[in-house]
Every structure is written in structure tokens, then in C-alpha cells.
Amino acid sequence: MTPDAEFGYELLVCRYAELTWHPSDGSRPAIVSRQLGTAARRWDTVVIEVDPEAFAARRGFGDRTIDSDLLHVVRHAPADWAWYRDALPHPGYPWRYVRQAVHRAAGRSLIEKRRRDNRIQLRRKRPYPDWVERIVAIENKPDLDRSAADALADQLDHDVETALADEVWLATETTGERVEPALLREMPVEAGILATDFSAGVDDDAADVAWHPSDLSPGPTDRAGVGDEDAADRGGSGGRSTSRDAETVTRRLEIAERAYGKGWRSYADTMRPDCRHFELRREGRAVVPHCAAKAKVPTARECSGSCPSFSPEPPQWRTKGWPIEGGPGKGLRRVLDRRRTRERNRAGDGEHGRDRAGDAGSE
Ligand code: SF4
């Protein structure tokens, strides 16, 4: 079944990407998230390809996103104690915000801090690793028609120009049909086209590559960046950073961090799994939300406390007699959290993609 809501389609694409990445170039360790980007452009599905060893080191900083203010502190924290204003580059905004970020970072055990001569000093607990290999954006358009193709072409052109992503794709549902060649011609040639057929749910063969994408990352001889020096200091591989300027490196890292903390299953945080009509249903090897009252995949917007059909789960579901502690709403959240952790573990182990065997790939 093809979910009628684009939201539902997006979740299936996320799961497909998680199972198969990379669709044409063979297995690459990656994590998948959705609805991320910049103020100017929000991507539907985001795939962060990772260096497994560095990603495992990133996990040492915990499971939460390290936001932009914290990143400034954590990336530049010195090995030995130093006054924070000596140790960190000028942030381009007042130092008092950096001081707050130092306190927050220490509160999350990301760095160490102490006070000497009435000055706040910091030092790192571990180097922040260079864990992001490539960023891939996927635009999801289950029903590709002429106007959608035009709008998409503009958005994908923007992606190609900004080079924040290393690769962009359009995913569209075909149910066994070929993508209309006239619509394909509207797309920038750099964007890959993924023709999905989720009529039997998600599996690792539920999509074909109708057009191969181009690598959008700047070549190694382009602008040299500060990121290279940073990476060398941290013992990371600076090579892939050399071609991007420092600001782009930082923005990409912020996106990757948000993807890491959020994952694509975080829809449960904004929807109402505590509604008695909320269910998780299988679509092949994907699990997606389902509203029993509306008999469909609810959109994240409609599945809220203001939904006219919202009906809170009865209190007795949360206490005795229910097999999951805390009631089904909390139980569903835990199931999704566990799956996010499992996928992070796999990426850190370097296990990902089509060649994963057996039960490990089941949702
Ligand atoms: S009835 Fe409304 S709140 Fe409840 S699961 Fe359906 S869409 Fe969500």
C-alpha cells in the first residue's frame, strides 16, 4: 500500500535508505534522519554517511545532539587547562554566550571546567572526532506531476549550488511503472532519481535507481578550509575537509549533529502515541504510525492534542494489567528509541546496507 500522506511516504523512504544505503554504490555505514537543513532549505530525508571508527568515538559524547553553541566549545576545547577566551576562537558573538555554553558543555560532561584566578578554564575529555563522511539529501515526492517537478527542479538547483550536501536525490513512487521521461527531463542532471515501489511495503529491493546522481562536493583543489587544520589537530582525516570553507564545515556538522540526535523515528515526540487510536503498523520491513480512527497514516500535524478524534489512553492502561510499563504510548516511544539506538550501533560497527543478513535488518 502506498500511504496517501507524503509524511508516510517519507518514513518509508527513510527506512529504505537505512536498509540499503547506498542504493547504487554498495554498502556504506550511515544514519538517517528527516526534515533537516538550513533556514533557506529543508530536506525531507537526510542520510549522513559516517566513518565508523570516528562515529564510534562520537558516540562517546552521548546520544543527544551537540548544538551549534556547544559544538564551538567541544570542537576547540584544548587538551590542557586554559582560559576559555584563550582556548577558543572568537565566536563572532558575545563571549558571555560562550561562557554559558562552557557551563552547559561541562554539565553534560562533554568537557571539563574549573575556576582559577576568577577565570573559567576548560579542557577536553576526548577529541571531537571527524565523523561525517558525506551528507546526502533526498526529496520525497510520491506523486510527481508537472508542477511538483518544476518546484523540485528549483529546490534541487539550490542544493546543487550551495553544495551543503554531497549528493541529492529525488524519490518518487512508481508502483512498477517507469518514471515519466518528460518529468525526468525537468530535473537537474546532478540529482539522482530513486523509483520506489512500496506496494508490498519496504524491503531492500523496493526501489530502482532511475538516474545516477553526481557528486556535488567541491574537488580537493578548491578553496582550502580551516576544517583541515582542525581535523589534523584532532588526529582526524582532514582530507575531505580541505575543499570546504570553515563556515560550510560547521553548518554541515550542525546538520549531522541534529540528524544524529533526532533520527527519523522521532515523529513520536511530536505525535500522540498516547492516543488510544495510535498504532504502529508494519509495511514490509518498516514500521509506520497508523491511526485506527482515521484508518490511515496520520500526518504529524493532524496527530496532535487538537485532533478532534484524540482520545487519551485510559489511565488503567498505564498501570496494572498492561504488559508494557507506563502504558502503550510510552511503550511505543521506547520501541522507536531502541530502534534508533540499534541503527546507531550498526553504523558504529560499520554494518550497513544491502549485505546485512537475516534478522538484523528487520524493523
Ligand atoms: S485520533 Fe487523532 S490524535 Fe489519535 S492517533 Fe488518530 S490522528 Fe492521532
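Me: Which residue stands opposite Trp169 in strand 7?
Reply: Ile138 stands opposite Trp169. The model is predicted, so local features need pLDDT of at least 70 and side-chain atom pairs count only at pLDDT 80 or more, while totals for chains, interfaces and linings use all residues. Residues are numbered from 1 along each chain as its sequence is written.

Me: What makes strand 6 and strand 7 (residues 167-173) a pair?
Reply: Five bridges join strand 6 to strand 7, and the two run parallel. Strands pair if DSSP finds at least two bridges between them, and five bridges meet that. Strand 2 (residues 42-50) also pairs with strand 6, in the antiparallel sense over six bridges; there Ile48 has Ile135 of strand 6 as its bridge partner.

Me: Why is strand 6 (residues 132-140) called mostly covered?
Reply: Seven of its nine residues are buried. Buried means that 20 or more other C-beta atoms, placed from the backbone, lie within 10 Å of the residue's own. In the protein chain of 363 residues, 41% count as buried.

Me: How many helices and strands does the protein chain have?
Reply: The protein chain has eleven helices and eleven strands. These are DSSP runs numbered from the N terminus: H or I of at least four residues for helices, E of at least two for strands.

Me: Why are strand 3 (82-83) and strand 4 (111-116) said to stand at the edges?
Reply: The open sheet of three strands has the order 3-5-4, with antiparallel pairing. Strand 3 and strand 4 each have a single partner strand, so one side of each is left without a neighbour in the sheet. Strand 4 is joined to strand 5 (residues 119-124) by six bridges, and Ile111 stands opposite Arg124 in strand 5. Helix 5 packs on the sheet, touching strand 4 and strand 5, and its direction makes about 120° with that of strand 4.

Me: How do you know which word describes the angle between helix 3 (residues 68-76) and helix 5 (residues 95-107)?
Reply: Their packing angle is about 80°, with the axes 9 Å apart. That makes helix 3 roughly perpendicular to helix 5, since the term covers 65 to 115 degrees. Axes are lines fitted to C-alpha atoms over the stretch in contact, and angles run from 0 to 180 degrees between N-to-C directions.

Technical notes. Parallel < 35°, antiparallel > 145°, perpendicular 65-115°, else oblique. Buried ≥ 20, exposed ≤ 12 C-beta atoms within 10 Å, placed from the backbone. Contact = placed C-beta atoms within 7 Å.
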